[in-house]
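Please keep the sequence and the three-dimensional view at hand while reading.

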Amino acid sequence: ADQASLAALTDWLRRFAAAVARDERHLTDLDAKIGDADHGSNLRRGTAAVVEALDADPPGDVGAAFKQAGMTLVKTVGGASGPLYGTFMLRFGTTAGAVDALDATALGTALRAGYDGVVARGKAEPGDKTMVDVLEPCLTVFDEAVAGGAGAAAAARAAADAAPERRDATAPLLARKGRASYLGERSVGHVDPGSASTTLLLESLADALAG
Ligand code: ADP
Ligand code: MG
Ligand code: MG
């Protein structure tokens, strides 16, 4: 679709929850190597609560949907990733506004606002071995696709296709933010768990817009 409807965007949240549930063990195994072995369980709890909130209190517009999702994540996910994903969703929703669809440009603007929120909150830069290492380059791919005439679905697919390589490229990096940074040199050689969950986030968006 050229546009991302409210239904497609709430489907994104549901698909992200399903992908996290499917890969919970893997995300936690990655976090066991360079963190405290809770990234999968943290995000599973939070994304399941997001789906429960969608079912209990169906939002009437895109802004309301992502404010609800963001507040739910901040409330239910312990750890660094809850406030970070929560801020992403809250800023996405505030920027999207009370609309029932986003075109490709508006979707790119909302995604970028979400990213800016993650950076404002976590102060990570590309290369610090965090979710930012996937988000930043993939949103640039999204913007370039839109500049080249792509609709929302095609741009989201291009961004998702770029994600696994960026995720895997976190392995040789030295962690400079979050718990993994406490390990210093011992963080080298392992994929960052947040970069893996952010890859799921982008793949879920592409799938939701394709469906
Ligand atoms: P915790 O580290 O508190 O247990 P999680 O395990 O749920 O939280 O999440 C860890 C992930 O959060 C990391 O893999 C990293 O991608 C991300 N992260 C941690 N700190 C930051 C930060 N300051 N900026 C961006 N992302 C961060
Ligand atoms: Mg952890
Ligand atoms: Mg923790």
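A residue is called buried if 20 or more other C-beta atoms lie within 10 Å of its own, exposed if 12 or fewer do, and partly exposed in between. In this predicted model, buried residues make up 55% of the 211 residues of the protein.

**Overall architecture**

The secondary structure of the protein consists of 8 helices and 2 strands. Read from the N terminus, the order of the elements is β-α-α-α-α-β-α-α-α-α. The radius of gyration is 16 Å, close to the 17 Å that the globule rule gives for 211 residues, so the protein is as compact as a globular protein of that length. Along its principal axes, the C-alpha trace spans about 45 × 40 × 30 Å.

An unreviewed UniProt entry carries the annotation "domain: DhaL" for residues 7-207. This span is 72% helix and 1% strand, and its end C-alpha atoms lie 13 Å apart.

**The nonpolar core**

Which residues have the most contacts inside the largest nonpolar core? They are Phe142, Ala155, Ala156 and Ala159, in a core of 65 residues. Two or more residues of this core come from each of α1 (6-34), α2, α3 (62-76), α4, α5, α6 (132-147), α7 (152-168) and α8. Helix α1 provides the largest share, 11 residues.

**The shell around ligand 1**

There are 24 residues around ligand 1, and those that come nearest are Gly79, Ser81, Gly122, Gly178 and Gly194. The elements that give two or more residues to this shell are α2 (39-56), α4 (81-96), α5 (104-122) and α8 (193-210). Helix α8 gives the most, with 3 residues. By class, the shell has 7 nonpolar, 10 polar and 7 charged residues.

Asp38 lies in the loop between α1 and α2. With 19 C-beta neighbours inside 10 Å, Asp38 counts as partly exposed, because the cut-off for a buried residue is 20 or more. Apart from its neighbours within four places in sequence, Asp38 is in contact with Thr28, Asp31 and Gly79. Gly79 is also one of the residues that come nearest to ligand 1.

Two residues of helix α2 may be considered next. Arg45 is found in this helix and is partly exposed, with 17 other C-beta atoms within 10 Å. Arg45 touches Thr76 and Val77, not counting residues up to four places away in sequence. Thr47 also has its place in α2. Is Thr47 buried or exposed? Thr47 counts as buried because 30 C-beta neighbours lie inside 10 Å. Beyond four places in sequence, its contacts are Phe16, Ala17 and Val20.

| Pair | Separation in sequence | C-alpha to C-alpha distance |
|---|---|---|
| Arg45 and Leu73 | 28 residues | 8.7 Å |
| Asp38 and Thr130 | 92 residues | 15 Å |
| Thr47 and Thr170 | 123 residues | 24 Å |

**Two lysines with positive phi**

Most residues other than glycine have a negative phi. Lys123 has a positive phi of about 60° although it is not a glycine. Lys129, likewise not a glycine, has a positive phi of about 70°. Lys123 is placed in the loop between α5 and α6, and Lys129 is found in the loop between α5 and α6 as well.

How many other C-beta atoms lie within 10 Å of Lys123? The count is 12, so Lys123 is exposed. Lys129, by contrast, has 28 other C-beta atoms within 10 Å and is therefore buried.

How values were computed
Residues are numbered from 1 along each chain as its sequence is written. Chains are lettered from A and ligands numbered from 1 in the order in which they are written. This is a predicted model: local features need pLDDT of at least 70, side-chain atom pairs count only at pLDDT 80 or more; totals for chains, interfaces and linings use all residues. A residue is near a molecule or strand if its C-beta atom, placed from the backbone, lies within 6 Å of it. Helices (H or I, at least four residues) and strands (E, at least two) are DSSP runs, numbered from the N terminus. Ala, Val, Leu, Ile, Met, Phe, Trp, Tyr, Cys and Pro count as nonpolar, Asp, Glu, Lys and Arg as charged, and the others, Gly among them, as polar. UniProt positions are given in the numbering used here, feature names are shortened, and annotations may be inferred rather than shown by experiment. Two residues are in contact if their C-beta atoms, placed from the backbone, lie within 7 Å. A nonpolar core is a set of buried Ala, Val, Leu, Ile, Met, Phe, Trp, Tyr and Cys residues joined through C-beta atoms within 7 Å. The radius of gyration is taken over C-alpha atoms; the globule rule is 2.2 Å times the number of residues to the power 0.38.
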